[in-house]
Amino acid sequence: MKNDSIESSRDWNIIFFAWLVATIATLGSLFFSEVMEYPPCILCWYQRILMYPLVIILLVGLFPLDKNILKYSAPFVVIGWLTALYHNLLQYGIISKSITPCAKGIPCSTKYINFFGFISIPMLSFIAFSIILALLFLFLKRKNS
């Protein structure tokens, strides 16, 4: 009995950390747009649309711990990860700017920040989606074992 509660606690912690990453990413996104006044490009908007609901979805899945949380969160995470990957490939010049969806408004190749020569806002998004994806994969692996 005690072992089951420990396992359940570990599963809860995994989802909690995924929620924490989503919350930090959401607050960071709001900081860049509302405080720093950096207008988001279209790909940034798509990533926001996919990240912001994760804060609510993962939080609701914690109380009580919903073992089916992957059904609700995985589509947002996978599509967000792919969007962030595409945005990074575009920003680093691996994908041509001619095939970008940013025809009007802010160009998707705009870099507002550049920490250590490679960390940009899309890279931060990619890192957040990657961490959440890894945590959900760990949760799935633990659930199936």
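Colleague: Which residues in α2 meet which residues in α3?

Modeller: Contact means heavy atoms within 4.5 Å. Here Leu43, Tyr46, Leu50, Leu54 and Leu58 are among the α2 residues that meet α3, whose partners include Ile69, Tyr72, Phe76, Thr83 and Leu90. By class, the contact of α2 with α3 has 17 nonpolar, five polar and no charged residues. (Ala, Val, Leu, Ile, Met, Phe, Trp, Tyr, Cys and Pro count as nonpolar, Asp, Glu, Lys and Arg as charged, the others, Gly among them, as polar.) Bear in mind that this is a predicted model: local features need pLDDT of at least 70, side-chain atom pairs count only at pLDDT 80 or more, and totals for chains, interfaces and linings use all residues. Residues are numbered from 1 along each chain as its sequence is written, and side-chain values use heavy atoms, with hydrogens and water left out.

Colleague: At what angle do α2 and α3 pack?

Modeller: Angles run from 0 to 180 degrees between N-to-C directions, and axes are lines fitted to C-alpha atoms, for helices over the stretch in contact. Helix α2 (residues 42–60) and helix α3 (residues 69–91) pack at about 155°, their axes 9 Å apart. That makes α2 roughly antiparallel (over 145 degrees) to α3.

Colleague: How many residues has the largest nonpolar core?

Modeller: A nonpolar core is a set of buried (under 20% relative accessible area, 1.4 Å probe, protein chains only) Ala, Val, Leu, Ile, Met, Phe, Trp, Tyr and Cys residues joined through side-chain atoms within 4.5 Å. The largest one has 26, and Ile15, Leu54, Leu58 and Ile132 have the most contacts inside it. Its largest share, eight residues, comes from α4.

Key. Helices (H or I, at least four residues) and strands (E, at least two) are DSSP runs, numbered from the N terminus. Angles under 35 degrees count as roughly parallel, over 145 as roughly antiparallel, 65 to 115 as roughly perpendicular and the rest as oblique. Buried means under 20% relative accessible area, exposed over 50%, partly exposed in between (1.4 Å probe, protein chains only).
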